[in-house]
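Work through the exercises below on charged side-chain pairs. Each task is followed by its solution.

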Amino acid sequence: MRQEKIARILVVDDQLKWRNALQMILEQEGYTVMTASDFESACILLDSCDFDLVTLDVRLVDDRAFNVQGLGLLQRIKRFQPEIKVIILTGYPENIREGFLEEHKADALLLKVPEGARFDKIAFQQLVKTLLSS
């Protein structure tokens, strides 16, 4: 009997509540999940583990450097580990613009909290499944 590989997912977000929520959703689906709160810890994990997918907060803030590093991490992933699928998560609708995915080479983009709504857990789960099967 062939045993299916359990996907490994890295959740990168500077907000603890989002890291925990996404981790819980993904673990309930049976995935192996690790989390990182900043650029540096994400790089360490990416260099030491094989991931199939990364969820990445586009406005990943590094308080030590006082800058936003989400897109820098995305560039690093796509340059050195292009086989990893990346879902950009953002709470800022202005980040959703035509050509954003192509420009930054992300695989998908999802709003954390669309205006007047709650996070769409089912859409997120389906997006993860779709990307992992492609």
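**Exercise 1.** Decide whether Asp13 and Lys112 are buried or exposed, then find what joins their side chains.

*Solution.* Start with accessibility. Buried means under 20% relative accessible area, exposed over 50%, partly exposed in between (1.4 Å probe, protein chains only). Asp13 and Lys112 are both buried. This is a predicted model: local features need pLDDT of at least 70, side-chain atom pairs count only at pLDDT 80 or more, and totals for chains, interfaces and linings use all residues. Side-chain values use heavy atoms, without hydrogens and water, and residues are numbered from 1 along each chain as its sequence is written.

Next, the contact. A salt bridge (a side-chain nitrogen of Lys or Arg within 4 Å of a carboxyl oxygen of Asp or Glu) joins Asp13 and Lys112, at 2.7 Å from N to O. Asp13 sits in the loop between strand S1 (8-12) and helix H1 (16-28). Lys112 sits in the loop between strand S7 (108-111) and helix H5 (121-133), 99 residues apart from Asp13. Helices (H or I, at least four residues) and strands (E, at least two) are DSSP runs, numbered from the N terminus.

**Exercise 2.** Locate the salt bridge between Asp47 and Arg76 and classify both ends.

*Solution.* The N to O distance is 2.7 Å. Asp47 belongs to helix H2 (residues 39-48) and Arg76 to helix H3 (residues 70-80), so the pair ties together parts 29 residues apart in sequence. Asp47 is exposed, at 56% relative accessibility. Arg76 is buried, at 18%.

**Exercise 3.** Which residues do salt bridges with shared partners join into one network?

*Solution.* The network joins Asp13, Asp57 and Lys112. The count of salt bridges comes to five.
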